[in-house]
Amino acid sequence: MIQRTALTADLDRLLEAARFRDYGPNGLQVEGRPEIRRLATSATASLAACRAAALAGADALLVHHGLLWGRCEPITGPLRARLGVLLRAEMSLLAYHLPLDAHPELGNNAVALGRLGAVAEGAFAEHRGALIGRLGTLPATEDPLAFGRRLEVVFQHPVLHCPGSSSAIRRIGVVTGGGQGHLLEAAAAGCDALVTGEASEQSWHEAAESGCHLFACGHHATEDLAVHALGALVGERHGLIHLPLHLPNPV
Ligand SMILES: [Zn+2]
């Protein structure tokens, strides 16, 4: 068991949350009961995730995509429904967006890079004044089509491939989620490929024209790893029951 304030402080420190100029607040977004024994994790604080966490008796829900994004909005519709579940269950919501992308070991990009067996080589992809992506080198060169098939296995998700020029992939950049806008930075950093969650119309042209392949492996699929690993880590550290919620989202 841990106090809510102590868990929040531990996560803030671990992820260096104060370093980021994010869209919304990182850390505690909704205050629940003061003591936490059961910690649920989910990529997103969707209504389904809030309900599943409440049903599992969680005292707190830790997510990558929280509910507050810096806008002052009326609490209506989906926001009202999600908040209603959290407040009725007296469940805290802890959200870490850019800090969870950027962390060199615990972050979305670092964890995804590790799942690919790549050796980490540092940061790239500037976003709101911080470098959030990770660079790495694969243990051996891989044919682009074979690499795409391996990504489908790693992320358990269909992969959209926008071809670049190199016939073999060795150096890669990873920006999970909606990271397709960082393709040219990956090319400038000497990457053969950018591994990300989504592709845009221009991704096709940018890949062909920069020479850097882009593999879109699913926004949710690429961000449904690190938050659970983080929950397991702090759960073990503080003697909590960790409840990882893997809710389906094909996008
Ligand atoms: Zn995301």
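**Reading contacts and helix packing**

Reader: With which side chain does the side chain of T137 make a polar contact?

Author: The partner of T137 is the side chain of E121, at 2.3 Å. A polar contact is a pair of N or O atoms within 3.5 Å, one able to donate a hydrogen and the other to accept it. This is a predicted model, in which local features need pLDDT of at least 70, side-chain atom pairs count only at pLDDT 80 or more, and totals for chains, interfaces and linings use all residues. Residues are numbered from 1 along each chain, and side-chain values use heavy atoms, without hydrogens and water.

Reader: Is T137 buried or exposed?

Author: T137 has 18% relative accessibility and therefore counts as buried (under 20%). T137 belongs to strand β8, residues 130-142. Leaving aside residues up to four places away in sequence, T137 touches A118, V119, E121, R170 and R171 (heavy atoms within 4.5 Å).

Reader: How should I read the packing of helices α2 and α3?

Author: Two packed helices are described by the angle between their axes and the distance between the axes. Here α2 (residues 47-55) and α3 (residues 77-88) have axes 9 Å apart, at an angle of about 10°. The two are therefore roughly parallel (under 35 degrees). L47, C50, R51 and A54 of α2 meet A81, R82, V85 and L86 of α3.

Reader: At what angle do α1 and α10 cross?

Author: The axes of α1 (residues 4-14) and α10 (residues 226-238) cross at roughly 130° and come within 12 Å.

Note on methods
Axes are lines fitted to C-alpha atoms, for helices over the stretch in contact, and angles run from 0 to 180 degrees between N-to-C directions. Helices (H or I, at least four residues) and strands (E, at least two) are DSSP runs, numbered from the N terminus. Buried means under 20% relative accessible area, exposed over 50%, partly exposed in between (1.4 Å probe, protein chains only). Angles under 35 degrees count as roughly parallel, over 145 as roughly antiparallel, 65 to 115 as roughly perpendicular and the rest as oblique.
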